Amino acid sequence: MNKDMAAQAAHKDGFIAALDQSGGSTPKALKLYGIDQSAWSSDAEMFDLVHQMRTRIIKAPAFTGDKIMGAILFEQTMDRDIDGIPTAQYLWEKRHVVPFLKIDKGLADEKDGVKLMKPMPDLDALLKRAVAKGIFGTKERSVIDAANRQGIAAIVAQQFEVGRQVLSHGLVPIIEPEVTISIPDKAEAEDILLGEIKKHLDEVPAGKQVMLKLTLPTKPNLYKPLIDDPRVMRVVALSGGYSRDEANDKLRHNVGMIASFSRALTEGLTAQQSDAEFNAALASAIDSIFDASSVKA
C-alpha cells in the first residue's frame, strides 16, 4: 500500500469526488452535462464522451488534492489515459488525488427490501489489474429500500465478504450500502444498518481498515460510533439524490463525515460552458463541498 495515499485517505481534510457512473447511469450523467443521446450511436462513442467529461473535470485547476482527497473511477476510466498517462497515475502524480475504483457490476433484483450486488466472478482478476494500475482502494454499492432486518443483514454480510476479498489484495474497500432517501422508514433502516455494520467490523482482519460510504442519515451523527472506530479509515457520505445545497447542509450536521458526491458535485456543469465558465462553476462546487466536509466541532 502507498503510505502517502493512506495518510491522505485517512487524515486529510477534503472529500471524494465520485466520477464512477457506469453503463446504466452514463446516459443520465451525459444528459445532465448537456449531451443528448443523439450525440452517440454506440456504447463506445458514449464512453468516449463521458471520458472527455471526466478528463475536463480532472484537469480543471480546482480539481487537486488541496480540497479533493480522492476520486472514484469507473473501470473503463481506469483503463484509459489522460494526456498519455494512465488515469489513476495522472490523478496521483499530477493532481495529488487518491484513486479509487468502482468494482461492483450493478444490482440484483430486489428481495427482502434490498438490492444486493450482482455476482462478481472475475473480481480477483480486476483487483490485480487495479493494483498494477496504482489504485488505492475500491467502492462497491448495494441498495436498501426498506427497513427489513433480514434484507439489511444480507446486504451488510455481502458487502463485508467482498470487502475482505479486496483487503486480501492490499486495497482499501469503500463499503457502500446505500439507503434510498425517499423511503418512509429511512431512519429505522439506518438504525438497523448501523447495528449490522458494528457486528461485521469484528471480522475486519487485524491491522486492516475499511471505509464506509453511507447515505446522509436522518438522525445527525448517527454514524459517529463508526467514524470513531479504529477499524474504519473514513466514513464518507453519498448525496443520494439530494441537491448540492441540501446535501451540504445535512453533511454539516455530521461530525467527522466527509462527502463522496457524484451528481451533487457535477450539478450545473455543461459541455456548452466555456472553459472559464466550467472551471469557475466546478471551483465553486468544490469549495462548497469542501467547506461542508471540513472538520466540524
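**Strand β8 and its surroundings**

Me: How many bridges join β8 to strand β9?
Reply: This is a predicted model: local features need pLDDT of at least 70, side-chain atom pairs count only at pLDDT 80 or more, and totals for chains, interfaces and linings use all residues. Numbering starts from 1 along each chain as its sequence is written, and side-chain values use heavy atoms, leaving out hydrogens and water. Strands are DSSP E runs of at least two residues, helices H or I runs of at least four, numbered from the N terminus. β9 (residues 210–215) runs parallel to β8, and the bridges number two.

Me: Which residue in β9 is the bridge partner of I174?
Reply: Strands pair here if DSSP finds at least two bridges between them. For I174, the β9 partner is M211.

Me: What helix does the chain cross through from β8 to β9?
Reply: This β-α-β crossover is right-handed, so with the strands pointing away from you, the path over the helix runs clockwise. The helix, residues 186–201, is α8.

Me: Which residue in β8 does E140 stand opposite?
Reply: β7 (residues 137–144) pairs with β8 in the parallel sense over eight bridges. Opposite E140 is I175.

Me: How many of the residues in β8 are buried?
Reply: V172, I174, E176 and E178 point one way, while P173, I175, P177 and V179 point the other, and all are buried. Buried means under 20% relative accessible area, exposed over 50%, partly exposed in between (1.4 Å probe, protein chains only). For β8 (residues 172–179), the buried count is eight of eight.
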